[in-house]
There are 2 protein chains.
Amino acid sequence: MTAQVGVEKARVTIRHVAASAGVSPTTVSNLLNGRDGRMLPRTRQRILRAISELGYQPNLVARQLRTGEVRTIGLVVPSVANPFWGGFARAVERETLQHDYQILLCNSERDPARERAYVDELWSSGVRTVIIGSSLPSLEHLEHAMQRGLLLIAFDRESQPDDPPGLVTVSVDNRLGGLLATRHLLSLGHRRIGFISGAIATVSRRQRLAGYREALGDSGIPFSEELVWANGGEQGFGDVDSSGRGELGMRALLRLQHPPTAVVTINDMYAIGACAAAREESMRVPEDVSVVGFDDIVLAGLFNPPLTTVRQPLQEMARYAIDIVRERGHDEDQAASVVMAPRLVTRESTSPLPEHLDA
Amino acid sequence: MTAQVGVEKARVTIRHVAASAGVSPTTVSNLLNGRDGRMLPRTRQRILRAISELGYQPNLVARQLRTGEVRTIGLVVPSVANPFWGGFARAVERETLQHDYQILLCNSERDPARERAYVDELWSSGVRTVIIGSSLPSLEHLEHAMQRGLLLIAFDRESQPDDPPGLVTVSVDNRLGGLLATRHLLSLGHRRIGFISGAIATVSRRQRLAGYREALGDSGIPFSEELVWANGGEQGFGDVDSSGRGELGMRALLRLQHPPTAVVTINDMYAIGACAAAREESMRVPEDVSVVGFDDIVLAGLFNPPLTTVRQPLQEMARYAIDIVRERGHDEDQAASVVMAPRLVTRESTSPLPEHLDA
DNA sequence: TCACACCAGTGCATCGATACATCGATCACA
DNA sequence: TGTGATCGATGTATCGATGCACTGGTGTGA
């Protein structure tokens, strides 16, 4: 027979298994849940045989209703179309797979209203854990959910003073990252260093910019507003068109009366866009302008030129996040937030300041 | 009070709402489900007020158990770390968002065992619709699920003669895509055209290769085995390291005694890797070797050089897939598979055959 | 006046699994 | 012989929402 749309064969339930094995449903349930310490081997065998003969698969929905435990984690990211978030989603899923969790995917475009709607819907679905890659400065739109008992893990966003109590964050030291990137350019002799970003509307962006300023300050270079392109308005900074914005930013900086000889970008997608813009303006990277990215997505190493960038240890961060989820409840103490160390990866998009450009 | 990990406030149920509004749970349920045709406006008001006062949110798990309807779609892709699949996941989610479906994300790495495990788990969770981006030649490992009533929609994979009955496919005409790419190179004067792919272990790859052969044949050019690099073994072709493979392939072809002057690649990530390899071998793209990609991911236009590629209409394909899901049941007829038209997007990674290379 | 339709809701059983209290049988030991 | 511990397994209520049959009261027409 063909599998007809909408028609569904009668489901095999725990009761069928019980009947077939000649035991009660409770006994089957006990075996399924590992409470088979004092079960006769014969009984166990009979049940197992019935299960495989009938092709029984437990109904997780029913189980969830009864136990209240839902082994699903909500994953809210700006957009998986962005390779960085795609990579992160993959990393998270890799960790959860080993521990029997499922991943419900939500793309928020960094819109607080959507984040809220998603989180409410996830809560309705029984999900009690959400990993959010939003990085918005305020998370108050999710505070009501946390008060109900939602475990919220913020990724790519260091803890803030006025964060909701109970919030756990897993992130890289973004300030240090910005510092490393800028210091690298300084060490190559650059003095006029631009900064390209979308709206500085997230915590991580704020921190990266702070690191940039700090590095400049350390070298006694005055901070110049005109070298920071952080345009983008409030809307549409959902990481969908990061590279397009990087392009715009680079073009704007190159049109300055004194254009920068190097730029720090807010992430690799911006860096890629920035390189494209430079190319269109007949500038070579890194000969005419150096570019540093952030994240070290897979593409960074494959781009032409391969990007110098600041690496985030994605898999480790994902592992840490899932460890927190697994410890939930086992531990009386509140899980601790963590800040991991970024690492500068030097490739070919940066080079020493050419002599003819030296001030 | 702080939101403590593991501690959860008592949930507000439909019964609380009913008590607060002075009606029965059934009445509340009726309102919630739009069966309020003959309900007194006063009653409706009272219920609505109780709902908002108590902050009631229906328990979807309980609803699902009772109704059997689960508004969640399983999305099985090789890996969202690959920008093509990330883009696809985003496109699907954009469509489902408007229709109140949720997306459960699964990365299969194209491993049939994992696909099977995922689909079984999805079934257990009550999911009755799965969109799979596997493209494996055989789907028999999922046939048992379809026989139970699973609606399986295969993406990026044209229908095959021995596909399980009931399978719906949404794909681009891959043969035509391969043909367009190759014909484009032929029209630029190229005669020695390579083909770079991972193992030809999916339907779409087979078709793209077929289009390549057909185009060559149309131009009277004999097919040469040595120009086709389709290595990769069976394992690990989960699209995770596509670009790495593209690199290997390009390097191998360039080391031939008579290297190709142009290559068709199985997708944009391979193309990007191929370009990187060319660069390492001190070959310029497109001056020394032309490269055509496939998919037209966002990055294709941003790469250096911007990639000539064959575009898949991702959003339309996603929309069609979701339309099928929504029609499920409404329609007696089986949903129809569809093959959409690919389109060649000409950018800068291809150029006419230089005279000095002309045979 | 009676039968019947209609109105605005209600009560109960149910989806499939699990928590918890409890069962009858067997056995050890005072 | 009686007590109670142990064993292996069972019966029932329950999670929260919904489908369906049904209610008491009112209005209508013959």
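## The surface near DNA strand C

Helix H4 of chain A, H4(A), gives the most to the surface near DNA strand C, with five residues; a residue is near a strand if its C-beta atom, placed from the backbone, lies within 6 Å of it. Helices (H or I, at least four residues) and strands (E, at least two) are DSSP runs, numbered from the N terminus.

This is a predicted model, in which local features need pLDDT of at least 70 and side-chain atom pairs count only at pLDDT 80 or more, while totals for chains, interfaces and linings use all residues. Residues are numbered from 1 along each chain as its sequence is written, and chains are lettered from A and ligands numbered from 1 in the order in which they are written.

DNA strand C is surrounded by 27 residues, and the closest are Thr13(A), Ile14(A), Ser29(A), Ser24(B) and Thr43(B).

## The relation between the chains

## The contact between the chains

Chain B contributes 55 residues to the contact and chain A 56 residues; two residues are in contact if their C-beta atoms, placed from the backbone, lie within 7 Å. H5(B) supplies the largest share of the side of chain B that touches chain A, six residues.

Strand S2 (residues 102-107) of chain A and S2(B) run antiparallel and are joined by three bridges; strands pair if DSSP finds at least two bridges between them. Ile103(A) has Leu105(B) as its bridge partner in S2(B).
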